Amino acid sequence: MSPESRTVLHTWSVPARWDAPTIAGGAGAWFWDVEGRRYLDMSSLSECCNLGHQHPAVVRAIQEQAARLCYTTSAWGAEPRARLAQRLLELSGFEGGRVYFTLGGADANETAVKLARWASGKPQGLIVTRERSYHGASYAGIALSGDARTEAQKPLGMRGVVHVPPPYSYRCPFGGRTEQESAGFAAAAVGSTIAREQPERVAAVLMEADAGTNGIVAPDAYWPAVRAETRAAGVYLIADEVMSGFGRCGEWFAWQRHGEAGRPDLMTLAKGLTGAHAPLGAVVMSAEVAESLEMKPIPTGLTYSGHPLCCAAGLAALQAYEDERLMERSRSLGRAMHARLLEMQERHAAIGEVRGGHGLFAVVELVRDRATREPLSPWDELDPDLARLGADARAAGVCFALRGNLILFAPPLVIEERDLDHALSLLDRLLAELGQRIHEPKTQGVTA
Ligand code: PLP
C-alpha cells in the first residue's frame with residue numbers, strides 16, 4: 001500500500017480507493033516508480049508535461065534561480081518575471097499588452113474574468129462559456145465550466161455565467177450534419193446569446209480555441225466565427241489556452257492557427273508554461289485591455305504571483321520549446337499520430353470518431369455501435385471495458401488518459417517516434433480485445 005494512501009486527500013479520487021505507485025523520477029516521455037517500473041506517458045500526466053519529465057535545462061534554471069533569489073512579492077521587481085512577461089507578449093504578438101501571473105489555470109481564468117469585467121466597465125458583466133467545458137476546480141472555475149463532475153457545486157460559484165452548447169459536430173446539439181454546419185450553428189449561438197442578454201451586460205466570452213479535456217475539438221471554422229461574433233458585439237474574447245497552449249495544438253497558442261482572425265483580447269496560460277516543472281499560470285492581455293486598466297487600482301492579488309522560481313522555470317521552458325523546435329515537432333508527430341488513429345478506425349468498429357491532429361493531441365471517441373453512434377458509456381461515466389483497456393496498457397508500461405468513452409492522446413512533445421509507435425501498436429492490440437469484449441454474447445442468465 002502507498003505510504004500516502006491514508007494521509008493525503010488526492011484530487012479527483014475516492015479516498016478509500018486511492019492506492020498508486022510512488023513516482024521516483026523521469027526523463028523524456030518516461031517516468032518510473034520506486035520499484036523501478038517504467039511508464040511511457042501518453043498524456044503528459046495532466047496534459048502539462050509538454051517538455052517531458054525533468055527537462056535538464058528547466059531543472060538547471062530552477063536550481064540557479066533558487067541559489068540567487070527564491071522569492072519577492074509583487075511590490076518588488078524580479079528579473080525572471082520581467083523577462084518572462086516580455087517573452088510572452090512577443091510570442092503572442094500582444095505588443096503593448098500586459099501579463100498578470102497566477103499559480104495555475106483556474107486562478108488564471110478567474111482573474112481573466114475579473115480583468116475583463118473591470119476593463120470593459122461592466123463589473124457585474126455576464127460571462128458566456130460552453131457546456132461541456134473545463135476551466136478549473138476553484139468555485140469560480142466550476143461556475144465557468146460545464147463539467148459533469150462538478151455540476152452539483154455550481155450554485156456555490158460566482159454569479160453571471162451563461163452557458164452555450166458546444167461545437168460538438170459528432171453529436172451536434174443543433175442537428176448540424178457537417179463540421180461546417182456545426183461550427184456555424186455553435187458560433188451563431190454565441191452571437192445570439194450576447195444579443196439576448198444585451199451586449200452592454202456581457203463582459204466576455206471565455207472558451208478554448210481548439211482542444212479540451214472534455215474531448216471536443218472545435219471544427220476549424222468555429223473560433224474565427226466566435227471572434228467575429230464577439231467583435232461585432234463589442235464583447236471581449238478570452239481564450240483558455242491552459243491546455244491547448246505551448247505546442248499542444250501545434251502552435252505556441254492554439255488561436256494562432258487562425259492568424260489575426262483568431263486573436264482574442266485576453267488569453268490564459270498554465271500547464272505547458274513551465275512544462276509543469278513549477279506551478280505557474282498567466283493572463284496575457286492586449287494593449288487595449290491593458291490601457292483600460294492603466295489608471296484603475298487592481299483589487300486582487302496572490303502571495304505567489306510572479307514567483308521568481310516559477311518564472312525562471314517558465315523562461316527556460318520557452319527557450320527549450322524554441323531550441324528543440326517543438327512546435328514543428330508537435331505538428332508533424334501530431335499529423336502522424338492522427339493518421340495512424342484514423343487507420344485504426346478502419347479496423348476497429350468501436351472507434352466512432354478520431355478528432356484533433358493539429359499538434360500532439362487527439363481524441364478517440366468509442367461507441368458500442370458505429371452506425372447508431374450509441375456511446376460506449378453515458379457521458380462521463382468511465383466504461384468498465386475501457387477501464388480494463390487502461391489497466392492492461394498500464395500493466396504493459398504505457399499510460400493513456402481515459403475519460404468517459406474517450407481516450408485522450410497528449411504525449412510530451414519530446415516523445416521519441418519509436419515510443420509513440422510502440423504505444424499506438426499496443427493500443428491497436430488492446431482495441432481488438434476491447435472490440436471482442438463489447439461484441440461477444442453476454443453469458444448472464446445461462447444456467448448449468
Ligand atoms: N483550463 C483548462 C482548459 C484546463 O484543461 C485546466 C486543467 O485541466 C484548467 C483550466 C485548470 O487548470 P489548473 O488545474 O492549473 O487550475
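1. The domain assignment of the protein gives domain 1 (57-323) and domain 2 (325-439); such bounds come from an automatic or database domain assignment. Residues are numbered from 1 along each chain as its sequence is written. The model is predicted: local features need pLDDT of at least 70, side-chain atom pairs count only at pLDDT 80 or more, and totals for chains, interfaces and linings use all residues.

2. The C-alpha centres of domain 1 and domain 2 lie 27 Å apart. Across the boundary, 17 residues of domain 1 are in contact with 23 residues of domain 2, where contact requires C-beta atoms, placed from the backbone, within 7 Å. The side of domain 1 that touches domain 2 has seven nonpolar, four polar and six charged residues. In this classification, Ala, Val, Leu, Ile, Met, Phe, Trp, Tyr, Cys and Pro count as nonpolar, Asp, Glu, Lys and Arg as charged, and the others, Gly among them, as polar.

3. Which residues come nearest to the ligand? Of the 15 residues around the ligand, these are Gly104, Gly105, Ala106, Val242 and Met243; a residue is near a molecule if its C-beta atom, placed from the backbone, lies within 6 Å of it. Helix α4 (residues 105-120) supplies the largest share of this shell, three residues. By class, the shell holds five nonpolar, eight polar and two charged residues.

4. Helices (H or I, at least four residues) and strands (E, at least two) are DSSP runs, numbered from the N terminus, and two strands pair if DSSP finds at least two bridges between them. β1 and strand β2 (residues 30-33) run antiparallel and are joined by four bridges; Ala27 has Trp30 in β2 as its bridge partner.

5. Strand β16 (residues 406-409) is covered on both faces: Leu406 and Leu408 on one side, and Ile407 and Phe409 on the other, are all buried. A buried residue has 20 or more other C-beta atoms within 10 Å of its own, with C-beta atoms placed from the backbone.

6. Two strands are described here as partners of β16. Strand β12 (residues 362-369) runs antiparallel to β16 and is joined to it by four bridges, with Val363 opposite Leu408. Strand β15 (residues 401-403) is also antiparallel to β16, through three bridges, and Leu402 has Ile407 as its bridge partner. β15 and β16 form a hairpin with two residues between them, and Gly404 in the turn has a positive phi of about 60°.

Note on methods: Buried ≥ 20, exposed ≤ 12 C-beta atoms within 10 Å, placed from the backbone. Contact = placed C-beta atoms within 7 Å.
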